[in-house]
Amino acid sequence: MLYLRDSSTIPAVPTMRFEVSHDEIKQANIPHELFLINLIGNHILMAVGLGGLAGSFPWAMALIPTVSFSILGYTLWRARQSRKCDSWYVMCHWQICARRSRLFMLMLGLLLIAATLGWVGYTYGGMMKEAVWALVGGTGILPIMVTVLVLVIVESDALYHANQARLPLWVVARYPNPDARILDEDAGLEEPSQTAL
C-alpha cells in the first residue's frame, strides 16, 4: 500500500519564499492572469463558442490563434521590458510566463504546420477530406488540447506561488539577486507555547 504525505506541506515544485510588498505581489500576478486568460478564455471558451460557427464561417476559427499569438507576443515583449523596469520579484514572474509562452508558441506553430500540410495534401496531393482531418486533429489539435490543459494547471500553481511570494528554485538560480530577503520557512511552523490553567 502506498501512503502519500499531505500535499499542502510539500510543494510540487521546490520554491523559496521572499519578502516582497503587496504591490509587488499584485504586479507578479499580472503575467499569470494574462496567460490564464489566453488559455481558458481564448483556447477553451472561444474555441467552443466559435466551433458552432465553423461550419458556416470556417475562417472565424482563425481568430483564436490570432488572439493567442498577440497575447503571447505581448507577454514576450513585456518580459523583456521587465528586466529594465520592474522589481526583481515581478521580473522573475514575467520570465516564468515568457518561458511557457515560448513553449506554447512552439505548439501553436506545430498546429499551423500540420494544418498547412493537410491543406497541401488535400489541394495538391489528392488526400481525402477525412484523412486531412485525422492528420490535423492527431498531430496538431490533440497536442494543443493536452498542452492547454497542462499549462492551465501549471499556471494556476504559478499564480498561487505569486500570491504566496514564492519563486521556483530554477528561476532563483537563473536570475540571482543577492539582495533578496528569503523568509524562513520554519518560522511559521513552530508550535505555540502552552500555558498552565
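Helices (H or I, at least four residues) and strands (E, at least two) are DSSP runs, numbered from the N terminus. By that rule, the protein chain has 5 helices and 2 strands. From the N terminus on, their order is β-α-α-α-α-β-α. This is a predicted model: local features need pLDDT of at least 70, side-chain atom pairs count only at pLDDT 80 or more, and totals for chains, interfaces and linings use all residues. Residues are numbered from 1 along each chain as its sequence is written, and side-chain values use heavy atoms, with hydrogens and water left out.

**Confidence**

- pLDDT is the predictor's confidence in each residue, from 0 to 100.
- The protein chain averages 88, and 87% of the residues score at least 70.
- Among the elements, confidence is lowest in strand 1 (residues 15-17), with a mean of 92. It is highest in helix 2 (residues 63-85), at 96.
- Over residues 1-5 the pLDDT is below 50. Beyond near neighbours in sequence, that stretch has 1 contact in the model (contact means heavy atoms within 4.5 Å).
- Residues 186-197 also stay under 50 in pLDDT. The model gives them 0 contacts beyond four places in sequence.
- Where pLDDT is low, the predicted coordinates should not be read in detail.

**Annotated spans**

- The unreviewed UniProt entry carries the annotation "transmembrane region" for residues 34-53, 59-77, 103-125 and 131-154.
- UniProt positions are given in the numbering used here, feature names are shortened, and annotations may be inferred rather than shown by experiment.
- Residues 34-53 are 90% helix and 0% strand in the model. The end C-alpha atoms of this span are 26 Å apart.
- Residues 103-125 are 91% helix and 0% strand. Here the end C-alpha atoms lie 31 Å apart.

**Whole-chain numbers**

- Buried means under 20% relative accessible area, exposed over 50%, and partly exposed in between (1.4 Å probe, protein chains only).
- Of the 197 residues of the protein chain, 33% count as buried.
- The accessible surface comes to about 12900 Å², and carbon and sulfur atoms hold 65% of it.
- Accessible areas come from the Shrake-Rupley method with a 1.4 Å probe; for residues, only the protein chains shown count as cover.
- Take the contacts in the protein chain with a separation of 6 or more: residues 24 or more positions apart account for 78% of them.

**Cysteines**

- A search of the whole structure finds 0 disulfides (pairs of cysteine sulfur atoms within 2.5 Å).
- Cys85 counts as exposed because its relative accessibility is 54%.
- Cys97 has a relative accessible area of 0%, so Cys97 is buried.

**Thr15 and strand 1**

- Thr15 is found in strand 1. Its relative accessibility is 14%, so Thr15 counts as buried.
- The side chains of Thr15 and Arg166 are joined by a polar contact of 3.0 Å.
- A polar contact is a pair of N or O atoms within 3.5 Å; within protein, one must be able to donate a hydrogen and the other to accept it, and residues adjacent in sequence count only if both atoms are side-chain atoms.
- Not counting residues up to four places away in sequence, Thr15 touches His161, Arg166, Leu167, Pro168 and Leu169.

**Helix 2: Arg78**

- Arg78 is found in helix 2. This arginine is buried because its relative accessible area is 16%.
- Leaving aside neighbours within four places in sequence, Arg78 is in contact with Cys85, Asp86 and Trp94.

- Gly140 lies in helix 4 (residues 129-163). With a relative accessible area of 2%, Gly140 is buried.
- Gly140 contacts Leu111, Ala114 and Leu135, leaving aside neighbours within four places in sequence.
- Gly140 and Met107 are 33 residues apart along the chain, and their C-alpha atoms are separated by 8.0 Å.
- Val154 is also placed in helix 4. Its relative accessible area is 30%, so Val154 is partly exposed.
- Val154 and His32 are 122 residues apart in sequence and 9.9 Å apart in space, C-alpha to C-alpha.
- Ala165 is found in the loop between helix 4 and strand 2 (166-168). Ala165 is buried, at a relative accessible area of 5%.
- Ala165 has a positive phi of about 60° although it is not a glycine. Most residues other than glycine have a negative phi.
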